[in-house]
Amino acid sequence: MSGRRLLEVEDLQVSFATSRGPLRAVQGVSLTLDQGKTLGIVGESGSGKTVLSRAIMGLLPLSTTTQTGSVRYDGTELLNAPNNELRKLWSTHIAMVFQDPMTSLNPVQRIGNQITEPLRIHLKLSKSEAKETALSLLMQVGIPSPVERYEAYPFQLSGGMRQRVMIAIALACAPRLLMADEPTTGLDVTVQAQILDLLSQLQRDRDMAMILVTHDLGVVATRTDEIIVMYAGNVVEKAPTNVLFKSMAMPYTEALLKSTPRIAEPSHTRLTAIEGRPPDLLNPPSGCPFSPRCPYVQDKCHLEKPPLVEAEPGHSYACWFPLTAADPAAASPEPDPVPA
Amino acid sequence: MTDTAVEPSAVTTDPLLSVEDLHVSFGRGNATVQAVAGITFALRRGETLGLVGESGCGKSTTGRAIVQVEKATSGKIRFGETELTSLSRGDLRTLRTQVQMIFQDPISSLNPRRRVIDIVSEPLTIWKIGTKEDRVETSRKMLDQVGIDPYVNGSRRPREFSGGQCQRISIARALVLKPKLLVCDEIVSALDVSVQAQILNLLQDLKQEYNLTILFIAHDLAVVKNVSDRVAVMYLGRLCEIAPSDLLYESPAHHYTAALLASAVEPDPEAPRMTAALTGEPPSPINPPSGCRFRTRCPRAEARCAEEVPEMREIGPGHQVACHFPIGS
């Protein structure tokens with residue numbers, strides 16, 4: 001079943017031409033993904049997580065972006081491939097669920113048309129076959145009375161329903177890799193739980209690989225096999241999900257976790273905020289990109305950028321003074337131990 | 001735990017704000033939306049009450065009705081000794097010095113063409129408090145307190161700031177008149193987690209310093225728990241449950257509260273992972289279910305729930321629930 005390498009990204013660099021010079025949104029990211037596995041990409045706004053996912057999909061405008069490195073899907077090079085090549089893979093091999101269900105659907109086309117379109121184009125189904133498949137897809141994603149919804153326009157559906165429709169469209173041609181960029185941001189918690197469960201279940205049923213891009217550590221904690229943490233265009237830590245939460249090495253990962261309020265903690269627990277804000281990518285700090293905000297910063301961090309090294313099998317991080325290297329009490333300037 | 005718990009400030013039983021059977025409806029005839037359909041609660045001096053619920057449950061409308069941005073259809077809102085729903089426009093203006101609101105979108109709630117220092121000092125200018133120099137001085141102090149350097153950044157305009165900084169400026173503007181009550185409507189939902197933590201900590205500090213009473217409206221259960229002394233849960237225009245924060249999250253009595261908690265995601269791979277506790281979505285507030293409004297999605301619903309609207313009743317110290325068959329009874 002799983003185990004087959006589906007996606008290989010090597011030293012992917014993406015920069016945008018701006019009036020103030022090139023903005024390096026993704027600065028050398030490498031990752032791999034096997035069939036049936038889920039990879040979480042976590043980061044705050046501006047960390048490059050969305051640009052990375054769009055670069056993998058080949059959705060960035062070639063006229064204003066420079067992309068180097070390599071993105072291989074099942075052996076085929078996708079980076080800078082012409083659109084007509086990519087179109088053969090989109091939908092049937094790689095599909096994407098976008099963040100904003102309110103604006104990602106075509107407002108003047110019926111839901112049914114939007115689901116049958118890829119079926120007719122890619123799978124060359126007849127009109128009636130496509131409709132049949134679309135109705136069964138609507139059923140699979142949990143839309144009540146699919147026959148009526150098939151004729152509906154997007155504005156007649158709620159946000160959660162629209163996201164289900166987006167998922168149905170993405171899954172229409174049975175892709176092997178699903179990219180989900182913030183699929184539940186903006187949805188209510190109960191709906192978020194439904195959508196995440198739906199994605200996991202469909203993934204299991206179809207043995208799909210999935211990339212889940214989110215800002216919320218809670219979303220990836222129980223639903224991924226591996227996590228990549230991004231900061232200012234760089235991967236700063238990469239580890240299997242359990243390892244990451246148990247023995248995170250990069251101070252940024254720790255800071256992100258500590259600043260997230262939790263239901264398990266008592267009310268009025270003081271949050272450990274990260275002071276300052278993410279760097280300006282047009283004018284990045286020298287050395288480690290997190291150094292201006294890092295509580296454990298030392299001189300070396302300002303001078304030299306730490307490379308991403310695999311310290312233990314599967315666990316890589318980019319830090320000169322990782323949290324797990326020494327006795328946590330000695331490494332920590334605060335008395336706070338890492339939360340269990 | 002890793003962090004020092006902040007001591008709750010002196011909370012008295014004497015209510016600063018009491019809301020009684022508040023109704024707010026929009027539209028008319030067949031298309032009347034009962035956004036708020038009869039809710040009653042009190043806000044004690046010095047406490048933070050969290051108001052949580054999903055979109056469309058009426059939590060924002062409740063907040064807006066309290067600051068009188070939205071007109072109450074019926075019901076009473078008492079602030080100290082004053083009845084707000086029947087105030088004249090002039091008296092209402094005076095009252096606004098004591099009741100302030102902070103909105104969700106930090107950037108669009110600031111005037112893009114004005115300098116930050118002017119935005120913060122405008123309330124003082126309107127009320128002609130002090131001389132011009134005093135006003136600038138007060139505003140500078142206020143900006144400094146929220147973490148914006150008034151000398152470096154005072155002359156800049158909102159577009160030059162990030163979302164988190166704009167939210168700091170909004171807080172400064174709301175607090176410059178030293179109000180008693182602050183209504184915060186989803187003030188951190190547009191911010192990144194690291195910035196969200198900064199703003200929540202700032203709010204906590206300012207609350208102590210200015211002795212504020214806060215109504216904190218949000219959809220994020222963890223955020224609400226973190227800032228609130230008590231939490232009220234709303235569903236489709238009505239209150240389901242009110243209890244002290246820790247108690248509510250530990251032993252929810254309303255099935256809706258329990259479902260909300262089960263749906264929340266925690267950044268912990270070992271946290272028990274529940275399957276979605278609720279199916280479907282809330283029914284339309286134009287035509288809400290009879291009896292208990294949650295009954296159509298409730299796992300425990302019986303015939304009685306369709307016939308009889310459950311009233312709020314006390315099931316423990318400070319713990320009220322509106323359910324015929326509360327959990328644990």
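**View 1. Contact of helix 7 with helix 8 in chain A.** In this predicted model, A:Gly160, A:Gln163, A:Ile167 and A:Leu171 of helix 7 of chain A meet A:Val191, A:Gln194, A:Ile195, A:Leu198, A:Leu199 and A:Leu202 of helix 8 of chain A, two residues being in contact if their C-beta atoms, placed from the backbone, lie within 7 Å. Helix 7 (residues 159–171) and helix 8 (residues 189–206) of chain A pack at an angle of about 15°, and their axes are 10 Å apart; axes are lines fitted to C-alpha atoms, for helices over the stretch in contact, and angles run from 0 to 180 degrees between N-to-C directions. Helices (H or I, at least four residues) and strands (E, at least two) are DSSP runs, numbered from the N terminus.

**View 2. The open sheet of chain A.** Eight strands, with mixed pairing, form an open sheet in the order 6-7-8-3-9-10-12-11 (chain A), where two strands pair if DSSP finds at least two bridges between them. Strand 6 (94–97) and strand 11 (309–312) of chain A stand at the edges with a single partner strand each, so one side of each is left without a neighbour in the sheet. From one strand to the next, the twist averages 20°.

**View 3. Strands 11 and 12 of chain A.** Strand 11 of chain A pairs with strand 12 (residues 315–317) of chain A in the antiparallel sense over three bridges. The bridge partner of A:Glu312 is A:His315, in strand 12 of chain A.

**Conventions.** Residues are numbered from 1 along each chain as its sequence is written, and chains are lettered from A and ligands numbered from 1 in the order in which they are written. Local features need pLDDT of at least 70 and side-chain atom pairs count only at pLDDT 80 or more, whereas totals for chains, interfaces and linings use all residues.
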